[in-house]
Amino acid sequence: MQLENGDVDAVTFVPWSYLAELEARDDITVLNDDSTEVRAIMLNCVNGPTSDVRVRQALYMATNLDAINATVLYGHGTVADSFLNSSLPYYSSVTTVGYDIEAAKALLAEAGYADGLNLTFTIVSGNTVAEQIATMVQQQWSEIGVNLTIETYEAGTHNSMRYNLELDMFFGGWTSDILDPSQQVSYFCNPNLADCVHTGWSNDEVTALVQAAEVEMDSEARADEYAQIQQIYADEVPAIILYYAPFSTATSSKLTGFTQLPNGAYVFDNLVCTE
């Protein structure tokens with residue numbers, strides 16, 4: 001409202017639902033700059049039904065990523081494949097199990113859940129995006145016999161349970177502080193760092209590749225190591241990677257040169273405001 005009234009010149013993190021309205025105005029410019037943000041449903045890989053890779057793969061197969069992007073981000077995001085955002089160096093497009101309801105049902109039956117199973121999606125109270133996504137997958141996964149309960153906790157309780165690997169799944173993600181994959185890859189794939197973002201996932205081959213890539217000086221060899229890591233991650237589905245989200249910013253049309261780097265840093269060197 002302040003931007004529309006001319007009281008401020010720029011607003012960052014504009015809700016996706018407002019962007020179309022702002023784009024229609026001649027006096028406002030909407031920017032969707034590349035970011036390193038990736039959002040995902042993080043799955044428990046050591047406790048409960050999701051400790052079985054077949055269950056995790058089935059849940060991925062039953063998740064309509066296009067529908068989530070269209071509904072939650074109003075089409076402004078990009079459906080993800082790798083856990084690394086495509087704006088990061090060494091991102092590699094990977095082969096995923098894909099959206100396939102019948103194949104998902106078959107995998108659940110193979111895992112011993114032919115009659116369905118009960119799971120819980122735990123979210124932080126007040127996180128409307130997480131609530132919306134949880135509600136959507138609740139409906140989508142019902143098609144393969146998953147009865148999904150959505151429970152909500154305040155942040156402190158939620159985080160305590162998350163740290164102790166007590167949750168079936170939770171809404172998570174990442175925004176890299178550096179424009180290099182090493183930081184995110186370490187947290188997502190090295191079990192010694194936050195239990196691979198509190199999923200408990202562990203893969204000895206991946207751990208070795210992570211350590212090798214961190215010190216590899218040859219760019220081609222490093223690219224190959226990170227490509228292998230991303231493919232194994234996609235195969236084992238420690239998380240259902242949902243989408244890459246840009247930075248949603250709206251400015252007065254009088255303002256030019258507003259720049260936000262993929263790591264979130266603002267660059268004001270070329271900022272100009274004309275009357």
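1. In this predicted model, the largest nonpolar core has 45 residues, of which Ile 41 and Trp 141 touch the most other members; helix α6 (residues 128-141) gives the most to this core, with six residues. A nonpolar core here is a set of buried Ala, Val, Leu, Ile, Met, Phe, Trp, Tyr and Cys residues joined through side-chain atoms within 4.5 Å, buried meaning under 20% relative accessible area, exposed over 50% and partly exposed in between (1.4 Å probe, protein chains only). Helices (H or I, at least four residues) and strands (E, at least two) are DSSP runs, numbered from the N terminus.

2. Leaving aside residues up to four places away in sequence, Trp 141 touches Ile 41, Leu 59, Ala 62, Thr 63, Val 146, Leu 148, Met 169 and Ile 240, where contact means heavy atoms within 4.5 Å.

3. Tyr 153 belongs to strand β6 (residues 146-153) and is partly exposed, with a relative accessible area of 28%. Although Tyr 153 and Ser 125 are 28 residues apart in sequence, their C-alpha atoms are 5.5 Å apart in space. Contacts of Tyr 153, not counting residues up to four places away in sequence, include Ser 125, His 158 and Met 161.

4. Tyr 266, in strand β12 (residues 266-267), is partly exposed, at 34% relative accessible area.

5. On numbering and confidence, residues are counted from 1 along each chain as its sequence is written. Local features need pLDDT of at least 70, side-chain atom pairs count only at pLDDT 80 or more, and totals for chains, interfaces and linings use all residues, while side-chain values use heavy atoms, with hydrogens and water left out.
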